[in-house]
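Me: I want to go through some helix packing with you. Can we take it step by step?

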Amino acid sequence: MSSSRSLKRLPLDRQMDDIVENSIEKIELVSLKNGHYYVSNFANVGVIMTTDGIVVIDTTLNKQHAKAIYNAIRQKSKLPIRYIIYTHGHLDHVNSTEVFKETNTQIIGHENIADRFYKYRKLNDYHLRINSVQFQGKLGLESFHFITPDITFSKEYKFKLGDKTIYLMHGKGETDDHCFVHVPEDNIVYSGDFFINAFPNIGNPLKVNRFEREWYETCQQIQELKPDVLVPGHGRALCSKQDIQDGLQAIIDVLRFVHEKVIDCLNKGMTLEMMLEEIELPSDLTNNKYIQPSYGCLEFAIKGTYRRYTGWFDGNPTNLQPCKQKDVANEILSLMKDANIILKRCRDLMDKGEYQMVLHLTDILIFSQDNIEAKELKKEAVRKCSETNSNFIIRNIYDQLYYKMGMI
Ligand SMILES: [Zn+2]
């Protein structure tokens, strides 16, 4: 299907290809300053070489890539890896820990990471499934068994190693077990996913709630440190003070904007549908290069923030104890008498590019009579929904559903 795409491929698509191809030749330990390095990978790996040992920040997804990174570290230093720091417990930041863990290496992470790993183990099959959808089935994961931290902390943790002081500061954001790392001697910050060179991933359709207010408050904390270099969780490092301030300000502005708008709409008694209609980003945020909606996007952020502060009921009495979709579809079809009326309308809508409405209408025939023609039309509409969207997560969800519909 990818060969027939009308859209050009996204940078994240290419990163997924790299994971599959084990593109080890692209692994490069980039020198930042004074013993600080990073590797730009599917999730970045930070490396701090002190006079008394090495600190690795996050361990990335692909174990072959991790081995190449470990070898690159070993070409620069024979000192032991004394600590591995998890910026948070997402799989792409913790999956290859055993590659970097030496005999006396200690792993440091927030105290909530253990709970996250427990949840992953209990929901192993579910998480394999949803991550396969989100990441095109290319992660190569077989289970969610990760190495838990030896040292945990609640709010902050500080240690000295050789010539460097390492501060870990907790803040909620993409997860509740997140921290960023600051090394004051060199004024460098490893931000984890507080900054990812894209619209913050609040309100992911497949994942639990995230923390928009705490996320921007933590970015304000990072801003106050006025770092010279910022190594994000994903994407290229920022090496100019002004770029870092601007990038963080974009995250702060967009998350604060969404948070305040959704709260305001909730207090006014508006529904989610009304909010999605009402809330628009100001043009300076729409055009801001640091928050382009390639991964997260405004719609996800509104839905995620809404979901965080509300229950599942939308205020419409129809939806408090709804009938089965099949029964509703049968009622509608019995009124129309003729399935061809819906099929004809769906074909017109396909020609007009109104693919979402095709999904709604074909469901009436699929739920009521398992109509094969409606299933074919729905499948085609799903393919078009994917092709006409430039958001990585949305496209992957449509694509995976399209493949599953191949059996009809
Ligand atoms: Zn990440």
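This is a predicted model: local features need pLDDT of at least 70, side-chain atom pairs count only at pLDDT 80 or more; totals for chains, interfaces and linings use all residues.

Me: How many residues does helix H8 have, and what is its reach from first C-alpha to last?
Reply: H8 covers residues 241–267, which makes 27 residues. At 1.5 Å a residue, 39 Å is expected. The reach is close to that, at 39 Å.

Me: Which residue with positive phi follows H8?
Reply: Phi is near 85 degrees at this residue. The residue after H8 is Gly269.

Me: What covers the buried residues of H8?
Reply: The buried residues of H8 include Ile244, Leu248, Val254 and Cys265. Their cover includes one strand, E12 (229–232). It also includes helices H7, H9, H10 and H11.

Me: Are H7 and H8 roughly parallel or roughly antiparallel?
Reply: Their axes come within 9 Å and cross at roughly 155 degrees. Angles over 145 degrees count as roughly antiparallel. H7 and H8 are therefore roughly antiparallel.

Me: Is the crossing of H7 and H8 left-handed or right-handed, and how many charged residues does the contact have?
Reply: The crossing is left-handed. Among the residues in contact are Trp215 and Tyr216 of H7 and Leu248 and Arg256 of H8. By class there are 9 nonpolar and 4 polar residues, and the charged ones number 3.

Me: How many nonpolar residues does the contact of H14 with H15 have?
Reply: H14 (residues 355–369) and H15 (residues 372–387) have axes that come within 9 Å. Leu359 and Ile366 in H14 are among the residues that meet H15, where Leu377 and Ala381 are among the partners. The contact has 2 polar and 3 charged residues, and the nonpolar count is 9.

Conventions: Residues are numbered from 1 along each chain as its sequence is written. Axes are lines fitted to C-alpha atoms, for helices over the stretch in contact, and angles run from 0 to 180 degrees between N-to-C directions. Helices (H or I, at least four residues) and strands (E, at least two) are DSSP runs, numbered from the N terminus. Two residues are in contact if their C-beta atoms, placed from the backbone, lie within 7 Å. Ala, Val, Leu, Ile, Met, Phe, Trp, Tyr, Cys and Pro count as nonpolar, Asp, Glu, Lys and Arg as charged, and the others, Gly among them, as polar. The expected span of a helix is 1.5 Å times one less than its number of residues. A residue is buried if 20 or more other C-beta atoms lie within 10 Å of its own, exposed if 12 or fewer, and partly exposed in between; C-beta atoms are placed from the backbone. Angles under 35 degrees count as roughly parallel, over 145 as roughly antiparallel, 65 to 115 as roughly perpendicular and the rest as oblique. A crossing is left-handed if the near helix is turned anticlockwise from the far one by less than a right angle, and right-handed if clockwise.
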